[in-house]
Amino acid sequence: MSSKAKKEDGVIQWSVLIILVAVVMALWLLTIWLVCGNEIPGKGAFGDAFGATNTLFSGLAAALFFFAIFMQRQDLAFTKKMLADSAEAQQQSADSHTESLKELKKQNAHMLQQNAVMRTQNRLAKLQAEIDIVSSLSENVDSISADGLPDGFKRNPGALKRALFQRLYQLKSNVENLDA
């Protein structure tokens with residue numbers, strides 16, 4: 001509620017209170033005039049006029065009672081409106097949270113899928129590098145000096161070539177398995 005609307009409500013409330021008090025005071029003064037008339041005939045009648053003071057305070061109490069009821073109704077209406085607004089805001093927040101959660105789940109699934117693709121690509125790149133090395137070695141197996149080879153390969157240079165070709169075959173079958 002804006003400050004202008006609050007100010008207007010305050011003016012209305014005070015106006016109602018002042019009108020109620022003015023009506024009660026007017027009725028009290030009318031009572032004194034009716035009891036006493038234009039002149040004061042005696043002290044008894046004058047004292048009876050002050051008995052109307054009781055009426056004044058009773059009337060003021062009733063006016064304040066009705067004013068309190070009026071104020072309470074306004075406060076209850078305002079509270080009801082604020083609760084409805086609050087419930088609507090909470091519902092919007094819950095809907096927004098649900099949408100966010102759905103989007104996060106989609107993003108998570110997409111990231112898991114990308115992670116699996118990247119792992120496969122990484123494994124494929126490693127296998128391809130090993131294939132390139134083994135292919136290069138198998139093509140140049142005749143030019144490799146026997147000094148750097150293990151003892152079994154020094155005695156039988158054909159075994160090295162067979163071992164390289166077997167490893168090349170294994171690597172190619174691993175790549176084919178990845179593609180499938």
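This briefing describes the fold, confidence, surface and side-chain pairs of one protein chain.

The model is predicted: local features need pLDDT of at least 70, side-chain atom pairs count only at pLDDT 80 or more, and totals for chains, interfaces and linings use all residues. Residues are numbered from 1 along each chain as its sequence is written, and side-chain values use heavy atoms, with hydrogens and water left out. The chain has four helices and zero strands, where helices (H or I, at least four residues) and strands (E, at least two) are DSSP runs numbered from the N terminus.

**Confidence**

- The chain has a mean pLDDT of 77, pLDDT being the predictor's confidence in each residue, from 0 to 100.
- A value of 70 or more is reached by 71% of the residues.
- Helix H2 (residues 43-139) has the highest mean pLDDT among the elements of the chain, at 85, and helix H3 (residues 151-155) has the lowest, at 57.

**Fold and contacts**

- The pattern along the sequence is α-α-α-α.
- Of the contacts (heavy atoms within 4.5 Å) between residues at least 6 apart in sequence, 66% join residues at least 24 apart.
- Thr55 is found in helix H2, and its C-alpha atom is separated by 9.9 Å from that of Met25, 30 residues apart along the chain.
- Thr55 counts as partly exposed, at 47% relative accessibility; buried means under 20% relative accessible area, exposed over 50%, and partly exposed in between (1.4 Å probe, protein chains only).

**Surface**

- The chain has 180 residues, of which 15% count as buried.
- Its accessible surface comes to about 14200 Å², and 61% of that surface belongs to carbon and sulfur atoms.
- Accessible areas come from the Shrake-Rupley method with a 1.4 Å probe, and for residues only the protein chains shown count as cover.
- Ile19, Val23, Leu27, Leu30, Trp33 and Leu34 make a nonpolar surface patch of about 630 Å².
- Patches are made of residues with over 30% relative accessible area and no salt bridge; like charges are joined within 9 Å, and nonpolar side chains (Val, Leu, Ile, Met, Phe, Trp, Tyr) within 5 Å.
- Leu34, one of the patch residues, has its place in helix H1 (residues 3-36) and counts as exposed at 59% relative accessibility.

**Salt bridges**

- Side chains of opposite charge can pair when their charged atoms come close.
- The count of salt bridges is two, a salt bridge being a side-chain nitrogen of Lys or Arg within 4 Å of a carboxyl oxygen of Asp or Glu.
- Lys81 and Asp85 both lie in helix H2, four residues apart, about one turn of the helix.
- Lys81 is partly exposed at 49% relative accessible area, and Asp85 is partly exposed at 35%.
- Another salt bridge joins Lys106 and Glu103, at 3.7 Å from N to O.
- Lys106 and Glu103 are also both in helix H2, three residues apart, about one turn of the helix.
- Lys106 counts as exposed at 55% relative accessibility, whereas Glu103 is partly exposed at 41%.

**Aromatic pair**

- The structure holds one aromatic pair.
- Phe65 and Phe66 form this edge-to-face pair, with 5.6 Å centre to centre and 65° between the planes.
- Rings of Phe, Tyr and Trp (its six-membered ring) pair if their centres lie within 6.5 Å; planes under 30 degrees apart count as stacked, over 60 as edge-to-face and the rest as tilted.
- Phe65 is partly exposed, with a relative accessible area of 49%, and Phe66 counts as exposed at 53%.
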